[in-house]
Amino acid sequence: MNQTEYIYIAALNQYAYCPHRCWRMFCAGEFTDNQYTIEGTSLHDRVHTTSDVQRGETWQIRAIWLKSEQYKLIGKSDLIEAESGQVYPVEYKRGRKGEWDNDELQVCAQALCLEEMTGQPVTTGYIYYAHSHQRQLVEINQELRQSAIATIESVTNLLETGAMPKPVYSKRCQGCSLYSQCLPKATDKVKSYQEVY
Amino acid sequence: MGTVYVTQIDAFIGKIDERLTVKAEQKTILDIPLIKIEGIVVLGRATISPAVVNELLDRHICLTFLTQSGRYLGRLEPEVTKNIFVRKAQWQAVGESQPAIHLVRGFVRGKLKNYRHSLLRTQREHPDIDLNNNITRLENAIAPIEKTNNIDSLRGLEGAGSAAYFGCFQQLIKTSEFQFEARRRRPPTDPVNALLSFGYSLLRHDVQSALNIVGFDPYLGYLHVERYGRPSLALDLMEEFRPLIVDAVVLSLINKRSLTLTDFTTEPLSGAVSLTKEGLHTFLRAYEQKKQSNFKHPVMGNKCTYQEAFEIQARLLSKYLMNEIEKYPPLILK
Ligand code: SF4
């Protein structure tokens with residue numbers, strides 16, 4: 001048997017954003033702190049101090065590790081709540097509701113871990129947007145589960161083979177902290193470049 | 001701020017909070033935030049605090065040691081990035097492989113074409129001199145590059161092209177004060193050669209740093225063969241930049257008379273020529289200014305500095321080796 005390698009839940013999010021970015025971060029080990037990631041980290045620093053409180057009807061626990069043996073997932077949760085016996089994850093995000101739906105994927109992966117850890121079905125989760133102080137309900141439905149599982153398979157494959165997905169230029173590149181390493185337009189630019197004599 | 005050059009003998013390089021401080025003779029001569037530093041070059045002797053060494057390694061800032069006259073001694077090399085894929089691709093291409101031949105063609109073509117443009121420009125600006133013979137010789141070295149399929153022959157073309165260029169280098173010098181006969185190294189025994197050698201040492205620090213950031217092993221090259229302690233890939237990637245940066249800075253300093261013979265000293269017996277302290281500062285300023293000057297990158301289409309171009313070319317090199325781009329485009333500027 002191979003030594004088991006777990007996948008970071010955060011890698012799923014990155015993969016959904018851009019497979020090439022996921023490869024750079026988790027296979028090639030490149031990481032640049034730009035404004036986004038720094039802000040994100042300090043927000044997480046605050047969240048990631050383990051504490052366990054009872055607020056009215058809601059029980060809360062912050063910053064615990066989540067793990068799934070079935071999917072080989074691991075990651076730190078921002079907040080887990082339980083209300084009337086129902087557990088659900090809450091993920092904190094910098095800024096507004098995401099333009100991309102990869103945040104939901106991350107919540108779903110946390111739900112998969114929670115189900116395995118508690119033995120109970122998890123049907124909902126939330127994303128908390130720091131910018132608007134609002135919680136967005138995420139329904140852990142069949143469709144989302146399937147796309148999360150498919151992403152887990154893709155990331156597992158990526159980590160095992162190390163095969164680089166080619167960068168593809170899109171709108172997402174503009175906010176990407178790895179832009180100057182990735183140079184996503186290079187392939188096309190080089191193709192059309194005519195060297196001067 | 002880009003590179004910090006420490007020229008003061010017996011300077012002390014230390015750190016206070018997040019700032020680098022350089023002290024000499026009980027005075028602080030430099031105090032800048034570490035975040036603004038891209039590299040450090042020490043000329044001559046200096047003491048470096050262990051805290052600075054840790055900090056430089058941690059921040060991936062390269063530190064190069066040169067002798068006072070600019071000869072390369074060694075460097076503190078931070079860990080390369082964890083990008084093993086770049087190094088794997090680099091190693092796979094070693095020898096007479098198709099990618100290696102392609103890259104060597106690129107390095108040689110880049111350098112010789114930049115030489116050619118430099119001669120053509122001078123010829124345009126100074127119709128009184130005649131460089132046509134040397135330009136033709138250069139073109140004769142450039143023309144067969146694409147059809148040449150082995151690295152040794154490409155080295156030959158590189159040699160022939162360089163000889164054609166340095167054969168008329170004297171005519172690019174517009175003052176009778178300086179004479180250039182031929183390229184002489186180790187040690188350079190005339191001011192022009194001293195300036196060229198010194199400039200190439202600085203360039204090597206910069207190119208090697210860029211390769212390190214991208215994840216390459218700078219000691220494994222294609223045009224330059226492996227030899228113990230020789231950063232062959234840095235020497236390879238330097239080729240296209242030599243005329244664009246170093247030769248341009250040297251010629252401009254001489255032709256504008258920013259440097260005169262009084263800025264040089266000659267060692268007894270060996271005849272080795274080096275810059276005086278004042279001359280050194282003039283040269284370092286000009287080199288740094290050149291590196292920070294802007295131009296439009298002919299391939300990427302955006303504005304960049306030469307300092308940024310080192311890394312862009314290193315990234316293009318890695319993209320070629322990893323099959324992301326179909327060819328390696330050397331930086332060629334008109
Ligand atoms: S710049 Fe674009 S292609 Fe490159 S990693 Fe970022 S999002 Fe992906």
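This is a predicted model: local features need pLDDT of at least 70, side-chain atom pairs count only at pLDDT 80 or more; totals for chains, interfaces and linings use all residues.

Biologist: Start with the interface, then: how many residues does the contact take from chain A and from chain B?

Modeller: Chain A contributes 24 residues to the contact, and chain B contributes 25 residues. The area buried between chain A and chain B is about 2,400 Å², and carbon and sulfur atoms give 60% of that area.

Biologist: Which residues in chain A lose the most area to chain B?

Modeller: Those are A:V190, A:Y193 and A:Y197, which together account for 31% of what the chain A side buries.

Biologist: And how many salt bridges does the rule find across the interface?

Modeller: The rule finds 2 salt bridges between chain A and chain B. B:R109 forms a salt bridge with A:E195, and the closest N and O atoms of that pair are 2.6 Å apart.

Biologist: Let's switch to helices. At what angle do α3 and α4 of chain B cross?

Modeller: Helix α3 (residues 98-125) and helix α4 (residues 132-142) of chain B cross at roughly 160°, with their axes coming within 10 Å. Angles over 145 degrees count as roughly antiparallel, and therefore α3(B) and α4(B) are roughly antiparallel to each other. Their crossing is left-handed.

Biologist: Which residues make that contact between α3(B) and α4(B)?

Modeller: On the α3(B) side they include B:L112, B:Y115, B:R116 and B:L119, while on the α4(B) side they include B:I135, B:L138, B:E139 and B:I142. By class, the contact of α3(B) with α4(B) has 8 nonpolar, 3 polar and 3 charged residues.

Biologist: Staying in chain B, how do α8 and α9 cross?

Modeller: The axes of helix α8 (residues 241-255) and helix α9 (residues 277-291) of chain B come within 10 Å and cross at roughly 135°, which means that α8(B) is oblique to α9(B). This crossing of α8(B) and α9(B) is right-handed.

Biologist: What meets what there, and how do the residues divide by class?

Modeller: Residues of α8(B) including B:L244, B:V249 and B:L253 meet residues of α9(B) including B:F283, B:A286 and B:Y287. The contact of α8(B) with α9(B) divides into 10 nonpolar, 1 polar and 1 charged.

Biologist: Now chain A: where do α1 and α4 sit in the numbering, and how do they cross?

Modeller: Helix α1 of chain A covers residues 9-17 and helix α4 of chain A covers residues 102-118, and their axes come within 8 Å and cross at roughly 150°. That angle makes α1(A) roughly antiparallel to α4(A), and α1(A) passes α4(A) in a right-handed crossing. Among the residues making the contact are A:I9, A:L12 and A:Y17 of α1(A), together with A:L105, A:A109 and A:C113 of α4(A). By class, this contact of α1(A) with α4(A) has 8 nonpolar, 4 polar and 1 charged residues.

Conventions. Residues are numbered from 1 along each chain as its sequence is written. Chains are lettered from A and ligands numbered from 1 in the order in which they are written. Side-chain values use heavy atoms; hydrogens and water are left out. Axes are lines fitted to C-alpha atoms, for helices over the stretch in contact, and angles run from 0 to 180 degrees between N-to-C directions. Helices (H or I, at least four residues) and strands (E, at least two) are DSSP runs, numbered from the N terminus. Angles under 35 degrees count as roughly parallel, over 145 as roughly antiparallel, 65 to 115 as roughly perpendicular and the rest as oblique. A crossing is left-handed if the near helix is turned anticlockwise from the far one by less than a right angle, and right-handed if clockwise. Contact means heavy atoms within 4.5 Å. Ala, Val, Leu, Ile, Met, Phe, Trp, Tyr, Cys and Pro count as nonpolar, Asp, Glu, Lys and Arg as charged, and the others, Gly among them, as polar. Buried area is the accessible area (1.4 Å probe) that two parts lose on being put together, summed over both. A salt bridge is a side-chain nitrogen of Lys or Arg within 4 Å of a carboxyl oxygen of Asp or Glu.
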